[in-house]
Amino acid sequence: MASAVVVDDNFIMRRKVKGVLKKLGLQIVGEAKNGIQALEKCEKTDPDLVTLDIHMPEMDGIQCLKKLRDKFPDLSVVMITSLSQKEKVLKAIKSGADHYIVKPIEEENVRDVLVETLGEEAIDESA
Amino acid sequence: MSDSSGELFRFEEKVLEKAQKIVENEKYQGNPLYKKYKSLMRMYKKLLFQSQKILKISDNNQEKLRKTQQNLALLLNNVKQGFLTFGEDFKISPEYSQECKNIFGQDIAGRDIYELLFKKSDSDAEKDILNSIFQDDQSRIKLYLPLLPQEIELNQKLLKIKYKYIEQEHKIMCIITDITEKRELENELEKERKNLKMTVTVISNQGIVKKYVNDYRHFFNHIIYEWFKEYGNQTILENLYRKIHTYKGVFSQWGMRNSSESLHKAEDKINDFQEENPSPETREIKKFISTIDFNGFIDQDIEIIEQILGENFLDREKSVSVKKDDIVELKERIKDYFPEGEREQMVTKIDKLIKKSLRDLIDIYEEYTFELAERVGKKLEQFKIESDGVLVDENKFHDLNKSLIHIFRNSIYHGIEKPEGRLKKGKPEGGSVKCKIGEEKGNIYITIRDDGQGINVDKIKKLAIDKNIYSENEIEDLSRNEILRLIFFDQFSTEEEVNQTAGRGVGLASVKREVEKLGGNISVETKLDQGTEITIIIPQEKRVAQKDEINMNMLMEKLEKKFVQYIGDNLELEPDQKNIQLNQIEQLELSDFNVITNIRFKNLYDIIFSVDKKAAQILVENFIDKHLDLNKMDQKKAIIRESLKEIMNIIIGQFFKSLEEEEGCFEKAPMAIAVEGGLLDYKNNEIIKHKFSINQGLVNLNLIARN
């Protein structure tokens, strides 16, 4: 079972993302509301996947992404974004994000993104 | 092809022919090499045959390939989509579909994709994205593609673009569709849909729409100019802004989007004006207001509605203003423009026209109540209407429903506490307003309750004493209920201070009036810190004064016309019309001189003509053609009374003549009285009051229904 850490400063968004990931068979091993917490959580839990809100206070999603990349080269990082933030998305891709999910979070989209980043076998919808 | 292969193998075939002749020649048959030669010849023959076959196959395939290519080209040239590809150098490859030429109006082979497609867009983001795409790993290229614009405008065309990464060629393919016409059509359809929706909303709310449109016109044509007499310059702009905002909200709720958009722009204009003129003069404000075409704002929507429902739909005098045919046609159009599901909803809406759900009528207050709560710093958690589908005649309930605003307003202003106050009392931070509608034993009941602070009965008592409504002794005899009921009384509720301290007030008297007009009853129950519940019970069967109201309006209009005509003919003056109102009264205040008469036209009515001294002087001087000395007025009272009676006789006589369908007649001859501070008692009779002024003299024309 693939493990995930969900990072978002908005608690409702976290709940939404967690819900969809769980439904797709991922195990949520942690959540964080800013970049600093995210790094700590990843250090502790060593997840397969991190979803990262592109815009957060304290440490921006992209800064956090860069740090995660440095420390955990194998970690899959998926950004959560809205399409109006194109420039940031571009920056994130260039900084090594594995993929991105455009809000609103829809199961179908998340599924596609997970298949492309973690592979079909990571998904277990029977869960 | 066999020709060509024959041609191609002519030499070989000649060799074979020669060899065959040798084999057939008897003179070689004894030769020791004959057998070998013959076998060699056979093998040669086989080989040649195979070669010819292979050539044929190859030819066939080539033809197939040519055909495929031809088909592909045909496809590319005829498909209504532009296909083009570009690679790392951003140059467009020469193989693109013919449609690209139509779209771009030029040969695009070798052109730079950025220059061609994205240069005109608003940001450099596209350049950034394009530059990044080919620098990244091949497997990640598709991550970038959704970031490229999906729709662009180019040469007045709207283009939809899809991107695909072609791995084998390491190129990106753009699939471009010209959606200009499609979009225009969609917009047209959308517009038509919106218009139909608006029309349906408007007919299902026709009473109130009429009312608001008339109010709107009246406001911007008249009332606004009255304001200059009453308010300071700054207040006028603020009030105007609020007024516009209200109308904007109301119109947009009915889908009258042209009107609400225009009003929205007007709001902006006022803001700009206020910024540019921090302390404007009256003249400047008037000039500014005159530059805004308020009447024009709503014309467009009304024109659309009238196109569908026929002209004069919003004509005030007609109570049922939509022709059946128009309704049938409207339904047909709805079927054309709306998908199933939505369609049925709208048709049901139209079908319910005759009777309307009371819930829907009250529903309009939800937004208002939430907005008000926010405005005064309160938190409303819930606005709930529970109804078991009570249907009512909208016209009948219009006035009552309109007055309910006072109850909701009171709940927010005085009932629901501020969030911190609520938390201190251990209540949830946000308050609730619940409305229950039901039918029982031939009655319709509406209860509206809030979970606010309740009404302080002691404070009401104190106020009743302070205001000399009751003495201290008297009030002790009243029951709690009787005291609570005081909040519905005029003397009680119009005072500002009641509003501030007792926590109830303004406007509840008008709710009571409307309830009683419908023959109903209103009551209140309250618990300190738990909330207040107001219950309204309306009998369903009660014959409502509705018809009479129309009748009265018509009578008053004619009466007023004859009065104005009399003044114009005899005094060569145009009376200044102050205001007109329809009300219910318990008492009528008389003026210095009054002529009272009782007429019959379908029903019985009192016509009371009240004039002050100044007006009496003007009218009578003219009538008897003599100068009256105001100081010696007392001696002339009799003359004045008689003269006024005669004037009234003339006016009413003309008035009777103007009644077409049925004849009107005096029930009692006019009677004139001169009083000071006189009152006439009535029992909630309907009255239309019309105020005029003639050269600073005041004239009241009253038409009162005798029940």
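This report describes the nonpolar cores and aromatic contacts of a predicted model. Local features require pLDDT of at least 70 and side-chain atom pairs pLDDT 80 or more, while totals for chains, interfaces and linings use all residues. Residues are numbered from 1 along each chain as its sequence is written, chains are lettered from A in the order in which they are written, and side-chain values use heavy atoms without hydrogens or water.

A nonpolar core is a set of buried Ala, Val, Leu, Ile, Met, Phe, Trp, Tyr and Cys residues joined through side-chain atoms within 4.5 Å; buried means under 20% relative accessible area (1.4 Å probe, protein chains only).

| Core | Residues in core | Members include |
|---|---|---|
| Largest | 58 residues | L52(A), L68(A), L84(B), F104(B), I113(B), I133(B) |
| Second, separate | 47 residues | M198(B), I208(B), W227(B), I334(B) |

Leaving aside residues up to four places away in sequence, F104(B) has contacts (heavy atoms within 4.5 Å) with L84(B), L116(B), L117(B), L154(B), N155(B) and I176(B).

Over all chains, 23 aromatic pairs are found; Phe, Tyr and Trp (six-membered) rings pair if their centres lie within 6.5 Å, and planes under 30 degrees apart count as stacked. F220(B) and F294(B) are stacked, because their ring centres are 3.9 Å apart and their planes at 5 degrees. F220(B) lies in helix α9 (residues 206-230) and F294(B) in helix α13 (residues 294-309) of chain B, 74 residues apart. Both F220(B) and F294(B) are buried. Ring pairs link these two residues into a cluster that includes W227(B), Y247(B) and W254(B).

Methods:
Buried < 20%, exposed > 50% of the residue type's maximum accessible area, 1.4 Å probe, protein only. Phe/Tyr/Trp six-rings, centres within 6.5 Å; stacked < 30°, edge-to-face > 60°. Helix = DSSP H or I, 4+ residues; strand = E, 2+ residues; numbered from the N terminus.
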